[in-house]
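Subject: Structure handover

Hello,

Here is the structure we spoke about, for you to look through. My notes on it follow below.

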Amino acid sequence: MARYSCESQSVALITLTNPPVNALSYAVRQGILAGLRKASADPAVKSVVLCGANGKFCAGAEISEFNSDPTRRLPMLVDIINLMEKSDKPVVAAIEGVALGGGLEVALGCHYRIAQCQAKVGLPEVTLGILPGAGGTQRLPRLVGVNAALDIITSGRHMLASEALKLGIVDEIVDSNTVEAAIALAKKAEGLPIGPRRICSKTVQCPDNLEAILDEATKKIKKQARGALSPLVCIQAVRMATQLPFSEGMKKERELFNTLVTSGQASALRYAFFAQRAVEKWTTPSGNWKTAVALPIHTAAVIGLGTMGRGITVSLVKAGIPVIALEDNQRQLDIGKKAVEALLGQVAQKLEPPENKNDSNLLSRVKYTLNFAELRDVDLVIEAVFEDMMLKKGVFRKLTAVCKPEAFLCTNTSGLDVDQIASVTTRPERVIGTHFFAPAHVMKLLEVVRGHRTSPQTIGTVMKLAKALNKIGVVVGNCPGFVGNRMLAPYSENACFLLEEGSQPEEVDRVLEEFGFAMGLFRVIDLSGLDVGWRSRREKGLTGPELPPGTPPRSRNGKRYCPIPDLLVENGRLGQKTGKGWYQYVKPGGRVSSPDPWIQDFLKSYRLTHNIKTRYIDQDEIIERCLYPLINEGFKILEEDIAAGPEDIDIIYIYGYGWPKHTGGPMYYAWTVGLPKVLSKLEKYSEAYPDVPSMKPSNLLRKLVSNGSPSPSQWRTVTRPSNSKL
Ligand code: T1G
Ligand code: NAD
């Protein structure tokens with residue numbers, strides 16, 4: 001699908017037409033090729049303009065075609081681009097909306113590029129586990145140099161037209177009428193020499209310190225995208241551009257592309273791409289994403305300016321929503337205000353001029369108060385006070401009294417019962433959980449917790465707000481810990497059992513980090529504070545001074561219990577904030593960790609005291625005993641319909657918990673490991689540790705295995721839960 005028309009007598013206009021984003025499907029590729037041939041054959045045509053229908057140039061290859069019938073691969077995009085570049089009639093790309101991946105590669109094959117100022121361009125292939133496979137790795141370094149090309153190709157970031165202009169990726173930007181401007185440019189180019197405009201004939205400006213640059217890029221990637229294959233292969237492809245003539249480099253690019261596109265990581269990343277879009281299409285028995293009419297949020301309030309309230313405030317302000325921030329007392333208000341202002345200052349630094357000229361613009365969007373009455377007109381409130389049911393109920397009673405009846409009341413609780421909180425209000429249909437992740441102005445995930453009586457309009461409004469905050473909202477049901485934290489509990493519990501049996505925290509973390517987590521579990525706990533978990537265990541009656549005398553140290557309610565984290569807290573080891581936790585830090589608040597001999601000695605004497613035989617625990621066992629119980633809990637969550645599908649769980653883990661995206665998330669990963677293997681390992685560990693219920697395989701996992709282990713997209717057909725909470 002590409003329309004062909006003639007404009008201003010001599011200009012042929014080829015319009016890519018494949019809504020919503022003009023992806024380069026088989027039909028679009030055929031359409032472009034036919035258009036180019038027609039233009040070439042028509043002596044009246046002197047130049048060509050390429051544009052996209054509906055204000056979007058092109059979002060690249062049609063991702064769903066990657067697994068398709070090879071006979072539909074021809075014509076290959078790369079051949080069409082080569083043909084276009086060789087054309088002796090100038091071709092101009094008119095870029096509106098997006099030119100991403102293959103879309104930008106098409107534009108790079110054109111002789112001129114003109115972009116609308118709001119347009120975004122980039123080569124995001126790396127985020128799909130592949131590399132630009134239609135000449136991007138060979139043309140971009142020739143156009144912008146090795147440094148910029150490496151950054152763009154290995155990060156996959158989208159950049160604004162203004163940056164693309166600075167780098168020389170586009171020749172001109174316009175405010176509007178892009179296609180008209182492109183036609184004018186095409187007419188001007190008629191008769192001018194084309195040779196210098198062909199990127200393929202340029203040579204790469206090779207810096208003297210090329211090896212150092214490539215080494216640096218490799219190091220950065222190994223740190224930032226641990227375990228991901230494609231960014232490293234992208235570096236190799238850019239290196240080829242510096243060493244080989246264009247046509248040879250193109251052959252190399254194709255070889256590397258073919259290796260990546262069939263890799264497990266690429267399949268997992270494609271799954272994650274579509275999973276992210278699928279979670280936006282939420283459905284509950286009373287409504288769905290299509291029918292719910294979201295209300296606009298013009299103003300908001302945040303209650304509690306602690307760790308979370310600060311980040312939430314900044315997130316709202318960044319999205320242009322003015323905030324009234326309320327605290328309990330003047331001291332906390334002053335501390336909170338200072339912290340918010342510091343964060344907003346950092347945000348302002350990153351804004352494009354003139355927004356960053358002074359940050360007073362952002363600062364003026366927050367009003368600080370101690371007085372609930374000031375919240376009477378806000379459209380939405382987010383409560384972020386301490387995790388204490390009585391306190392939260394008190395806050396919601398006050399909110400019900402002062403806020404206008406149509407205001408939405410949200411709680412940032414990490415796991416308390418949203419229905420109980422809603423029960424103290426007269427508008428439970430407008431109460432919802434908005435579970436942000438720390439730091440709230442950075443982390444992409446928003447767990448949207450639907451209470452029993454939450455209305456579809458409330459869900460729709462909060463999901464729309466998530467998008468406005470540049471976050472990914474995932475609708476989940478209401479149960480202790482919701483999805484993310486509920487799955488985290490068996491993960492951390494079993495990791496601590498490993499310490500009892502012989503592992504060191506840094507060994508467990510190393511294995512998890514090699515698996516691809518940005519940070520190992522114990523490092524994460526040190527960051528958020530060991531007291532957080534301790535307080536929650538104390539609330540559940542598992543630890544603390546109120547524990548009945550005679551409670552066995554390593555057992556609670558007949559289940560295995562590891563008191564090591566409690567003992568650390570009792571020793572004042574709260575993590576980074578006290579300079580000591582699972583690791584030691586140079587000073588309280590320090591960030592650089594090192595293994596602590598104190599912990600080694602402590603574990604040694606703990607094992608002696610409790611008569612635990614130590615043994616060597618290998619990498620496989622660490623992975624299985626940490627991750628399989630987490631996955632097992634995910635199956636239980638699906639069984640109870642707390643999450644709509646495996647996609648929802650996977651997106652929560654990728655964007656909220658640092659799970660490596662290139663494995664697709666925990667549920668997809670389990671499927672790639674093989675559900676029968678996961679089941680048999682859980683059975684083995686369940687037998688070995690009968691007092692650890694988190695190892696007992698879920699019914700759904702058993703059912704899936706007996707149904708032939710279908711792919712995640714089919715899991716919902718295997719079981720329809722009767723006790724749906726979603
Ligand atoms: N292929 C197929 N479907 C696509 C698509 C694509 N490239 N891009 C978007 N969609 C669908 C998406 O699934 C959704 O569908 C709808 O379009 C709207 O998307 C040769 C090999 C363009 C910035 O990685 O980043 O080129 O859910 O909800 O927020 O080297 O989509 O409505 O059914 O995301 O406005 C490289 C991927 C491909 C770009 C728009 N290109 N797309 O964001 O809407 S590989 C990409 C995006 C390649 C070459 C290689 C975003 C967007 P549905 P959306 P949005
Ligand atoms: P915090 O202790 O850092 O801050 C809580 C703030 O609430 C304090 O500043 C306190 O003064 C204020 N406050 C207490 N009572 C108040 C009242 N009646 N009115 C107004 N303000 C009051 O806590 P936090 O870590 O920001 O957590 C807040 C909520 O977010 C909790 O429910 C927590 O479970 C949840 N949460 C925390 C994290 C995290 O990583 N810290 C992540 C997700 C969710």
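How many residues lie between β1 and β2 in the hairpin they form, and which residue in the turn has a positive phi? Three residues lie between the two strands, and the one in the turn with a positive phi, of about 45°, is Ser 8. Please keep in mind that this is a predicted model.

The domain assignment gives three ranges: 2–261 for domain 1, 293–476 for domain 2 and 503–609 for domain 3. Taken over C-alpha atoms, the centres of domain 1 and domain 2 are separated by 41 Å.

Strand β2

I began with β2, which covers residues 11–16 and is mostly covered, with six of its six residues buried. Val 11, Leu 13 and Thr 15 point one way from the strand, while Ala 12, Ile 14 and Leu 16 point the other way. In a regular strand, side chains alternate between the two faces of the sheet.

β2 is joined to two other strands. Strand β1 (residues 2–7) runs antiparallel to β2, and six bridges join them. One of the residues involved is Ser 5, whose bridge partner in β2 is Leu 13. Strand β3 (residues 47–52) runs parallel to β2, also with six bridges. Here Val 11 has Ser 47 in β3 as its bridge partner. With helix α1 (residues 26–41), β2 and β3 make a β-α-β unit, and this unit is right-handed.

A second sheet to look at

There is also an open sheet of three strands, in the order β5-β7-β8, with mixed pairing. Its edge strands are β5 (98–100) and β8 (159–160), each of which pairs on one side only. Strand β7 (residues 120–122) runs antiparallel to β8, and two bridges join them. Val 121 has Met 159 in β8 as its bridge partner.

The second largest pocket

This pocket has a volume of about 500 Å³. It is lined by 14 residues, and those closest to its centre are Lys 318, Val 347, Lys 350, His 441 and Asn 470. The elements giving two or more residues to the lining are α12 (307–318), α13 (330–350) and α17 (456–468). Of the elements, α13 gives the most, with three residues. By type, the lining divides into six nonpolar, four polar and four charged residues.

Regards

Note on methods:
Residues numbered from 1 in each chain as written. Chains lettered and ligands numbered in written order. Predicted model: local features only at pLDDT ≥ 70, side-chain atom pairs only at ≥ 80, totals over all residues. Heavy atoms only, no water. Buried < 20%, exposed > 50% of the residue type's maximum accessible area, 1.4 Å probe, protein only. Helix = DSSP H or I, 4+ residues; strand = E, 2+ residues; numbered from the N terminus. Pairing = 2+ DSSP bridges. Right-handed = clockwise from strand over helix to strand, strands pointing away. 1 Å grid on protein atoms, 1.4 Å probe; cavity = no way out; pocket = protein on both sides within 12 Å on 5 of 7 lines; lining within 4 Å. Points joined across faces, edges and corners; volume = space filled by probe spheres on them. Nonpolar A, V, L, I, M, F, W, Y, C, P; charged D, E, K, R; others polar. Domains from an automatic or database assignment.
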